[in-house]
Amino acid sequence: MPSHQLFRFPKPQWLNSASARTAGVYIAGALFSIALFTLIDAATYSRSSLNGSDPEVHMNFVDWVPGICSAVGMLIINSIDKSRLSADTFSYSGDGVAWKARLVLFLGFAAMAGGLAGGVTVMVLKYVLPDYGFPTLWMGVANVVANSLVMLSSVVLWVSQNMEDDYTYNLAL
């Protein structure tokens, strides 16, 4: 067994193809679209005449803040190049590029985790504790589902964009 492998089983070769990378990007886009659709669906339902909750419960800015945090975290994570995480100080401009990239990556994941935790908090405090039924409870559940899908979309996009394939050329001076 080669000493550079972490697991016993080798990585399948189809993961290194350009079509797998393209499929990953499309899957990430589909997950993000479903997340956005879920959040917009809950927001339009909250303002429609079908919302039959006793005290009119609507989605307001507090319900959108977790989604905004998750989207900002997704932008931060996917702006980091994977090669910067293990960069030497002489390969890029400036000192300590690797730890700066790791710090920014951590902040991106923290923003997404904060968005998911905020979505759960909004759902529990605004919809579960007042004991609302399920048409109204859907607004809180949709928030958690949307933030989870944004998080999953970000991971899929980051992994698929940072795959190595046989056609990638690394030029070094």
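Reader: Why is Ser 154 called buried?

Author: In this predicted model, Ser 154 has a relative accessible area of 0%. Buried means under 20%, so Ser 154 counts as buried.

Reader: Where does Ser 154 sit, and what is it in contact with?

Author: Ser 154 is found in helix 4. Setting aside neighbours within four places in sequence, Ser 154 is in contact with Met 74, Ile 77, Asn 78 and Met 112. Met 74 and Ile 77 are among the residues that helix 2 brings to its contact with helix 4.

Reader: What makes helix 2 roughly parallel to helix 4?

Author: Look at the angle. Helix 2 (residues 61-77) and helix 4 (residues 134-161) pack at about 0 degrees, and their axes are 10 Å apart. Angles under 35 degrees count as roughly parallel, so that is what we call this pair.

Reader: Which residues make the contact?

Author: From helix 2, they are Asp 63, Pro 66, Gly 67, Ser 70, Ala 71, Met 74 and Ile 77.

Reader: How do you know that the buried residues of helix 2 line one face?

Author: The buried ones are Asp 63, Pro 66, Gly 67, Ser 70, Gly 73, Met 74 and Ile 77. Seen down the axis of helix 2, they fall within an arc of 115 degrees, so they line one face. Here's a handy bit of background: an α-helix has 3.6 residues a turn, so residues three or four places apart point the same way.

Reader: What do those buried residues pack against, and what is on the face turned away?

Author: They pack against helix 1 (18-47), helix 3 (97-128) and helix 4. The face of helix 2 turned away from the buried side carries Phe 61 and Leu 75, which are exposed.

Reader: How do you know that the length of helix 2 is close to what's expected?

Author: Helix 2 has 17 residues, and at 1.5 Å a residue you'd expect 24 Å.

Definitions and conventions:
Residues are numbered from 1 along each chain as its sequence is written. This is a predicted model: local features need pLDDT of at least 70, side-chain atom pairs count only at pLDDT 80 or more; totals for chains, interfaces and linings use all residues. Side-chain values use heavy atoms; hydrogens and water are left out. Axes are lines fitted to C-alpha atoms, for helices over the stretch in contact, and angles run from 0 to 180 degrees between N-to-C directions. Helices (H or I, at least four residues) and strands (E, at least two) are DSSP runs, numbered from the N terminus. Angles under 35 degrees count as roughly parallel, over 145 as roughly antiparallel, 65 to 115 as roughly perpendicular and the rest as oblique. Contact means heavy atoms within 4.5 Å. The expected span of a helix is 1.5 Å times one less than its number of residues. Buried means under 20% relative accessible area, exposed over 50%, partly exposed in between (1.4 Å probe, protein chains only). The arc is that of the directions from the helix axis to the C-beta atoms.
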